[in-house]
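Hello,

Here is the structure I promised to pass on. Have a look at it first, and my notes follow below.

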Amino acid sequence: MAEIIARNGNDLTVQVTIKLTGSLMEMENTILDGCNEIGCLATTEALKIFDTDGGPIKLGDTKMTARDKDNKTYQTPYGSVQLGRYVYQTSKGGRIYCPLEHKARIIRGATPKFAQQLSHKYANMNAPAVCLDLEDNHHRKIAHSYLQDVSDWVGGIAEAKEELWEYDIPPLDEAITTIVVSLDGAYVLIREDGYREAMVGNISLYDVTGKRQHTIYIGEAPEYGKGTFFQRLEKEIVTVKKHYPDALYLGIADGAKNNWSFLEQHTSRQLLDFFHVTEYLANVAYAAYPGKTDKPKRIIWLDERCKQLKREPGAVETLISEMEKLAQKTSLTKTVKENLEAALTYFKNHNQMMDYAMHTEKNLPIDSGVTEAACKTLVKQRLCGSGMRWKNQGAKVILSLRALVQSKGRWQQFWDKIDQYGSHVCV
């Protein structure tokens, strides 16, 4: 049983009696329950600090008076707590206003810390897994619907304040000389629409040695035209350029046309993703060694050509010449010949975007591996579990939350801003 045994202003001295019997596991569970009791008791007292004394208040030019205290249950990391707090109305009636909830930044009945915990967990796990984790590890039981309600509201705040809130880049020990902007898509099963492409973008900061120091992630639910995604990514690029106006801005992506129309506007140099290009070379290997028993030779050929492309100036022209000679073979199957012609066309059309040797020599990135990884960690791991089908808004909420969590430093900055501006965004 937890109880307050002393109070000095806002300082509390709380006592809890814990009976330690049974196995160590049983004792630990008893200790956890005791800690939750203390947490509930202390949070109840903390909430009271944000209430008024019942006197009249003004919201702008509107005068409001208190009704009788109204009991309300709030959800905390330690359990549910109930207290009476003043609610207000104008003399004409109308909407009720609760100063405590606005000052304390209550979100859908949850305290800020509990809302932060729920939305962070929901960004990383499905609803049943989150509820099971809370019940087993925190002795905190909540409904799936409540978890989703709070998380959706937090995601809605992130979405609504996207254009207004800027996030600071964390302090970095090394000077940033190169900024890589990259984007790609991953397919998600959407209710009513089937599989649609969610977009992932990242802005990665590199030092002079080519080591990545920081990455900003953007995730956007499927949309026609990708307008919202490009707008959000553009905003992040503009913000980064304010911090690093003299850095080299390098765009890396695969061959999708709309990727390059965007990257050409915001980067001074563009490069085709190296590993995307090597996929074409893998097909060309079948033209060089088409035999059924030639697999070892194809592996050696591909390895040598990849090293050549990565390290030797003029390698693209050399490979084009080799492909043109291979195209003269008359014994190739239709599929191999078509793949060879596609690779040859691709290399000719993108020759100017394949100077990997120069980039490698200058310790510059040559691939979009960060974005490929983000497609898996940001989208696939959370949105593509067995049996998952999403409404577009639900996918949007998850991607907004995961991007905040995975961009170092942003999650806490987001909650700091809620704490600062919460009276305008929390209800």
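Let me start with a helix pair: H276, V277, Y280, L281, N283, V284, Y286 and A287 in helix 8 meet V336, N339, L340, A342, A343, Y346 and F347 in helix 11 (contact means heavy atoms within 4.5 Å; helices are DSSP runs of H or I with at least four residues, strands are E runs of at least two, and both are numbered from the N terminus). By class, this contact has 12 nonpolar, three polar and no charged residues (Ala, Val, Leu, Ile, Met, Phe, Trp, Tyr, Cys and Pro count as nonpolar, Asp, Glu, Lys and Arg as charged, the others, Gly among them, as polar).

This is a predicted model, where local features need pLDDT of at least 70 and side-chain atom pairs pLDDT 80 or more, while totals for chains, interfaces and linings use all residues. Residues are numbered from 1 along each chain as its sequence is written, and side-chain values use heavy atoms, without hydrogens and water.

Helix 8 (274-288) and helix 11 (334-349) pack at about 140°, with axes 8 Å apart (lines fitted to C-alpha atoms over the stretch in contact, with angles from 0 to 180 degrees between N-to-C directions).

The largest cavity holds about 170 Å³ (the space filled by probe spheres set on the points, which are joined across faces, edges and corners). Of its 16 lining residues, E162, Y167, E236, L404 and R410 are closest to the centre. Helix 6 gives the most to that lining, with four residues.

Best wishes

Key. On a 1 Å grid over the protein atoms alone, a cavity is a set of points where a 1.4 Å probe fits but cannot get out, and a pocket is an open set with protein on both sides within 12 Å along at least five of seven lines; lining residues have an atom within 4 Å of a point.
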